[in-house]
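Here is a report on a structure with its sequence. Please look at both before reading on.

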Amino acid sequence: MSRKFVVLLSFLITLILAGVSFFWYIGQQRFIKINYDNCQSATISYEYNKKVQSKNINPPSTISIPKTAKNVVAECKPSDGFASTNITDVGSEVFLQPDFSESKRELISKNNSAKILDAIYQKYPKLRDYKVVKQSVYGRGLWYVATFDAKEYDYNSDRLRIIIKQEDSGFNVVSKPEIIFTKYQYPLIPRDVLLQANNL
Amino acid sequence: MNRKFISSILVIVLLFVAYGIYVQLSRIGKVRVDIETIPVSSLVTVDGEIVTGKSVYLAPGEHMFIASKDGYLESRSKLDVSETNNYVGLLPIAESESAIQSSVNDAAAREAVGGKIATARGNMLREKATIISKLPRITLVGPYRIDYGIQGKDNTSHPYLLISNSTPKGRQNALEWIRSEGSEPTDLDIRFPDFINPVTGGGIDE
């Protein structure tokens, strides 16, 4: 065999081995595209071989973790004025978009409280018979939630929750007063907002 | 051995490896969905694209599967594809005389696929609401009763929970119990049939 042929043969064999190794590696990996805004960085943590491992992501990018990793959590280290956030239901793509910090949300809520209550009472006048328990703002000031308690106890005096959305036209009541919000009844409202409204 | 022969073999192997890498890369982030049809020669499309194999790799989410064949009424199935929801059985119904005759021979196979469809649907419903395996739940201390039903008939159907025989405190206790069992009420279709909303005047699922 000539030297040239041996070199070519070695090159091809190396290429094949590299390809097979790559092929095997890809098959063992799970790829997750991480997107975020208003985070200093993001972290993906997961359980693999009974050990918790984590990867720091900065800037947003696609990372790979073992296919059999469990309890995968994407977390955001927030920028100033934003709250920490994490996503436990991690699919092939993750968007980490932290909400405003609690103090910032409280301030926005306080400043808009009167307008929001006006919008609510206009649509549901009977809520005037209830007392306001809590108000909060989510989704960077786009969504408002208020909870109401009945003043007198009876079989239907449940705590009621209501969601308001800030739009160009002002504050619009986008839900009925409910005991609980579910993604089936309100598919157009982000799940995060429903979840936070249910926990207010 | 002839150098040309060795080189040719290596080039072919290399092409196979390259193709393998390409196929593997194109499957990243996708789920393998197994498709069975009776008659087996039915034409299958997924989201309008013809599928030739018995499985297809799809991105998670809703996809429409259709099986059609001359002489048969087409069979459609919408599937919310996920790692655990990855089987589609399609059974076009014989319409013409010749199709009816040949479908007699397929009866056992149709029954087998029908069984798999039912199992897959059961798994899908349990995946959507693991809590249903613990229902019904009746407690006098709550007080509440939680039952469930199924909304819809195809692969995108989902279970709904009925919380009844309760009081304001009992309904909160029922929701707390659901949370304590590892389910999030926000992700469930929860209805309160005996709650009359004093503000709107109707039930919660009016």
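## Model and overall make-up of chain B

This is a predicted model. Chain B has 4 helices and 13 strands. The chain runs to 206 residues, and 26% of them are buried.

Contacts within chain B reach well along the sequence. Take those between residues at least 6 apart: 48% of them join residues at least 24 apart.

## The side of chain B that touches chain A

Contact between the chains involves 32 residues of chain B and 36 residues of chain A. Three elements of chain B each supply at least two residues to this side: helix 1 (3-26), helix 4 (168-180) and strand 13 (189-191). Helix 1 of chain B gives the most, with 11 residues. By class, the side of chain B that touches chain A holds 21 nonpolar, 7 polar and 4 charged residues.

## Helix 1 against helix 1

Two packed helices are described by the angle between their axes and the distance between the axes. Here, helix 1 (residues 3-28) of chain A and helix 1 of chain B have axes that come within 10 Å and cross at roughly 20°. Angles under 35 degrees count as roughly parallel, so helix 1 of chain A is roughly parallel to helix 1 of chain B. The crossing of helix 1 of chain A with helix 1 of chain B is left-handed.

Which residues meet in the contact of helix 1 of chain A with helix 1 of chain B? From helix 1 of chain A come A:Phe5, A:Leu9, A:Leu12, A:Leu15, A:Ile16, A:Gly19, A:Val20, A:Phe22, A:Phe23, A:Ile26 and A:Gly27. From helix 1 of chain B come B:Arg3, B:Ile6, B:Leu10, B:Val13, B:Leu14, B:Val17, B:Ala18, B:Gly20, B:Ile21, B:Gln24 and B:Leu25. The contact of these two helices has 17 nonpolar, 4 polar and 1 charged residues.

## A four-stranded sheet in chain B

Chain B has an open sheet of 4 strands in the order 10-11-12-13, with mixed pairing. Strand 10 (137-139) and strand 13 of chain B are the edge strands, and each pairs on one side only. From one strand to the next, the twist averages 25°.

Strand 10 of chain B runs antiparallel to strand 11 (residues 144-151) of chain B, joined by 3 bridges. One of the positions to look at is B:Ile138, whose bridge partner in strand 11 of chain B is B:Arg145. Helix 4 of chain B packs on the sheet. Helix 4 touches strand 11 and strand 12 (158-164) of chain B, and its direction makes about 60° with that of strand 11.

## A three-stranded sheet in chain A

In chain A, an open sheet of 3 strands has the order 4-1-7, again with mixed pairing. Strand 4 (62-66) and strand 7 (93-96) of chain A are at the edges. Each has a single partner strand, so one side of each lacks a neighbour in the sheet. The twist averages 30° from one strand to the next.

Strand 1 (residues 29-36) of chain A and strand 4 of chain A run antiparallel, with 5 bridges between them. A:Gln29 lies opposite A:Pro66 in strand 4 of chain A.

Strand 2 (residues 39-48) and strand 3 (residues 51-57) of chain A pair in the antiparallel sense over 7 bridges. A:Tyr48 stands opposite A:Lys51 in strand 3. The hairpin of strands 2 and 3 of chain A has 2 residues between the strands, and A:Asn49 takes a positive phi near 55° there.

Strand 8 (residues 130-138) and strand 9 (residues 143-150) of chain A run antiparallel and are joined by 8 bridges. The bridge partner of A:Val137 in strand 9 of chain A is A:Tyr144. This hairpin has 4 residues between the strands, and A:Gly139 takes a positive phi near 55°. Strand 9 of chain A also pairs with strand 10 (residues 160-167) of chain A, in the antiparallel sense over 6 bridges. In that strand 10 of chain A, A:Ile163 stands opposite A:Val145.

## A position after helix 3 of chain A

A:Asn199 sits in the segment after helix 3 (191-198) of chain A. A:Asn199 counts as partly exposed because it has 13 C-beta neighbours inside 10 Å. A:Asn199 and A:Ile180 are 19 residues apart in sequence, with 9.3 Å from C-alpha to C-alpha.

Terms used. Residues are numbered from 1 along each chain as its sequence is written. Chains are lettered from A and ligands numbered from 1 in the order in which they are written. This is a predicted model: local features need pLDDT of at least 70, side-chain atom pairs count only at pLDDT 80 or more; totals for chains, interfaces and linings use all residues. A residue is buried if 20 or more other C-beta atoms lie within 10 Å of its own, exposed if 12 or fewer, and partly exposed in between; C-beta atoms are placed from the backbone. Two residues are in contact if their C-beta atoms, placed from the backbone, lie within 7 Å. Ala, Val, Leu, Ile, Met, Phe, Trp, Tyr, Cys and Pro count as nonpolar, Asp, Glu, Lys and Arg as charged, and the others, Gly among them, as polar. Two strands pair if DSSP finds at least two bridges between them. Axes are lines fitted to C-alpha atoms, for helices over the stretch in contact, and angles run from 0 to 180 degrees between N-to-C directions. Angles under 35 degrees count as roughly parallel, over 145 as roughly antiparallel, 65 to 115 as roughly perpendicular and the rest as oblique. A crossing is left-handed if the near helix is turned anticlockwise from the far one by less than a right angle, and right-handed if clockwise.
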